[in-house]
Amino acid sequence: MRFAFRAMQLLIALLAGTAVAHAQPAVTLTHVHGFAYSPDGKRLMIPSHHGLAVYEKGKWSKAPGAQHDFMGFSATANNLYSSGHPAPGSGLVNPVGLIRSRDGGKTWDKLGLEGEIDFHLLATGWNTNAIYVWNPEPSSRMRRLGLHYTLNEGFAWKPVQAAGLEGNPQALAVHPDNAASVAAASSNGVYLSRDSGARFTPVARGAEGLAVFFDLDGKRLWYSAFDGLPRLAHAPLGGGAATQVKLPPLSEDAVAYIAQNPAARSEYAIATFGKSVYLSKDAGRSWSQIADRGKAK
């Protein structure tokens, strides 16, 4: 069922509403283009076409700073990284290339490739300086398409072969402590590399891979998939069978992003392609909904 769910989620995005919060009508989730907790675990940040939406203390709000159209949004223990398109009047060139925020999204630094590249697939290591991207076209710093990584904030990029990675890449994740471990979800399944992307081996096949996430303890790879039904699972990195995680009821929807609270590591969050958001305080055994098809709860 290659690309089947992607086609369905595009239709959902067109039909779903865009309002997010009842008390904060200015906050919208026009799309979800990333997902991360703040380092202190107090804020869940969701980038979209019009800036960052923030869930904190049970309420939604709009984060301060320019309302960029964020793509490839990813967080580390110290910084936020993203790509995308600049907000009007921000002074940034379109597309923004690779940008970094050291203050929770209030301001952004340019790290290169502005005016050249919009990275939709971008992932970072929580405790390392590793950044992986899937390059969509040649540029001044990347002469070829495909998987690249940098260990120096985008100054130099290294292309990698990604041998064994089959299908169309749809998501990336980087191990929190090991910069050489990277995972990918593709239309053919879920894959893991332990050599900086040179070679990948399958973690799960038989379903379309949609999202990947290394837990912050560095022991498990979480992933979502779709095989006619939405799936969520985690596999031990040391070997062994994957564990299926019971999802909340999802109607014509599936998990697009997975995040973990760094300050309370039994707390996980998932965001769906239909712009619903759920929280679990017990590592996925039960879920509470905080946004339903873009509307806050």
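Predicted model: local features only at pLDDT ≥ 70, side-chain atom pairs only at ≥ 80, totals over all residues.

Is Asp 215 buried or exposed? I looked up its relative accessible area and got 0%, so Asp 215 is buried.

**Entry 1: the partner of Asp 215.** I checked what Asp 215 pairs with and found a salt bridge to Arg 220, where the closest N and O atoms are 2.9 Å apart.

**Entry 2: Arg 231 and Asp 227.** Arg 231 forms a salt bridge with Asp 227, and their closest N and O atoms sit 3.1 Å apart. I read 35% relative accessibility for Arg 231, which makes it partly exposed. Asp 227 comes out at 34%, so Asp 227 is partly exposed too.

**Entry 3: Asp 109 and Arg 102.** How far apart are the closest N and O atoms of Asp 109 and Arg 102? I get 3.8 Å for this salt bridge. Since the rule asks for a distance within 4 Å, the pair counts. Asp 109 has 30% relative accessibility and is partly exposed, whereas Arg 102 is exposed at 57%.

**Entry 4: the tally.** How many salt bridges are there by this rule? The count comes to nine. I have written up some of them above, including Asp 215 with Arg 220 and Arg 231 with Asp 227.

**Entry 5: Thr 150.** Last stop, the threonine. I located Thr 150 in strand β11, which covers residues 146-150. Its relative accessibility is 1%, so Thr 150 is buried.

What does the side chain of Thr 150 make a polar contact with? I found the side chain of Asn 152, at 2.8 Å. The Thr 150 side chain also reaches the backbone nitrogen of Gly 154, at 3.0 Å.

I then set aside the neighbours within four places in sequence and listed the contacts of Thr 150 that remain. On that list I have Asn 129, Ala 130 and Ile 131, along with Phe 155, Ala 156 and Trp 157.

Definitions and conventions. Residues numbered from 1 in each chain as written. Heavy atoms only, no water. Helix = DSSP H or I, 4+ residues; strand = E, 2+ residues; numbered from the N terminus. Buried < 20%, exposed > 50% of the residue type's maximum accessible area, 1.4 Å probe, protein only. Polar contact = N/O pair within 3.5 Å; in protein donor to acceptor, adjacent residues only side chain to side chain. Contact = heavy atoms within 4.5 Å. Salt bridge = Lys/Arg side-chain N within 4 Å of Asp/Glu carboxyl O.
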